[in-house]
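Me: Please take me through the model shown below. Begin with the terms for accessibility, then move on to the residues.

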Amino acid sequence: EGVVNAVSSATEFLINGQKVLIDDGTEFEHGSAVDIAVGSKLEVKGKLNADGKLVANEIKFLSEANIEIHGVVSAIDATAGTITVMGVQVKVNNFTLMEDETAMMVRYFGLDDLAAGDLVKLHVYVDAGNALVATQLEREDVTTTVKLEGPVSSVNGTQVVIAGITVELAGLGVTPAVGNKLEVSGSYANSLLTATSATIDN
């Protein structure tokens, strides 16, 4: 288990100084070979070959879901496996835990059951390609309040950006810095989340 130091080819990379080989028998969890990049945190299981390289039979991506998006679905692309919430695209894959918490309580709930206008709560991480990937998706009964939690990526006056979503903090007396984890709630319209409450999570 560790962080990728270098990627030599599509089938070989270095993790914590150990060379790792990918072959046809390698199984992946929460990603694929193309997602492996410098900085990726992985758990690798396998056996050493005669050259001292670890031939992986299982590679698990250990990405922490440190972003929470709670908003209304505006678009769904079932073919690409993405949904759009508050103007940002989020990937939904076979590893995404999907639950229906609405009054309908659909038992075998999947992407095909979602519709534009549905309210969802997403637990999300940023993958090696800077795409947002959901580890968990919950459909909930619709309310007018949206919520967002995650690290601040940029600050411009009273506005900050979290997970690609611009948030207006005017009048709240909160002054987060880049890297701070911020939890906000409010309303979303015209590509802007106007916060009515905001808390810096230390």
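Reply: A residue is called buried under 20% relative accessible area, exposed over 50% and partly exposed in between, with a 1.4 Å probe and protein chains only. This is a predicted model, in which local features need pLDDT of at least 70 and side-chain atom pairs count only at pLDDT 80 or more, while totals for chains, interfaces and linings use all residues. Residues are numbered from 1 along each chain as its sequence is written, and side-chain values use heavy atoms, with hydrogens and water left out.

Me: How many helices and strands does the protein chain have?
Reply: The protein chain has zero helices and 16 strands. These are DSSP runs numbered from the N terminus, with helices being H or I of at least four residues and strands E of at least two.

Me: What does the C-alpha trace span, and what share of the residues is buried?
Reply: Along its principal axes, the C-alpha trace spans about 65 × 40 × 25 Å. Of the 202 residues in the protein chain, 39% are buried. The accessible surface comes to about 10700 Å² (Shrake-Rupley method, 1.4 Å probe), and carbon and sulfur atoms hold 47% of that surface.

Me: What share of the contacts joins residues 24 or more positions apart?
Reply: Among contacts (heavy atoms within 4.5 Å) with a separation of 6 or more, 57% are between residues 24 or more positions apart.

Me: Which residues touch the most other members of the largest nonpolar core?
Reply: They are Ile69, Ile83, Leu122, Leu137, Leu182, Val184 and Leu193, in a core of 34 residues. Such a core is a set of buried Ala, Val, Leu, Ile, Met, Phe, Trp, Tyr and Cys residues joined through side-chain atoms within 4.5 Å. Another core lies apart from it; this one has 12 residues, including Phe13, Leu42, Leu54 and Phe61.

Me: What is Leu182 in contact with?
Reply: Leaving aside neighbours within four places in sequence, the contacts of Leu182 include Leu148, Glu149, Val152, Ile162, Pro176 and Ile200.

Me: Glu149 is in that list. Why does Glu149 count as buried?
Reply: Glu149 counts as buried because its relative accessibility is 17%. The side chain of Glu149 also meets that of Lys181 in a salt bridge, at 3.7 Å from N to O. Lys181 is in strand S15 and Glu149 in strand S12 (residues 146–156), so the pair ties together parts 32 residues apart in sequence. Lys181 is partly exposed, because its relative accessibility is 30%.

Me: How many salt bridges does the structure hold?
Reply: The structure holds five, where a salt bridge is a side-chain nitrogen of Lys or Arg within 4 Å of a carboxyl oxygen of Asp or Glu. One of them joins Glu12 and Lys53, with the closest N and O atoms 3.5 Å apart. That pair links distant parts of the chain, 41 residues apart: Glu12 in strand S2, and Lys53 in the loop between S4 and strand S5 (54–61).

Me: Are Glu12 and Lys53 buried or exposed?
Reply: Both Glu12 and Lys53 are buried, and the relative accessibility of Glu12 is 15%. Not counting residues up to four places away in sequence, Glu12 touches Val7, Lys19, Val20, Leu21 and Lys53.
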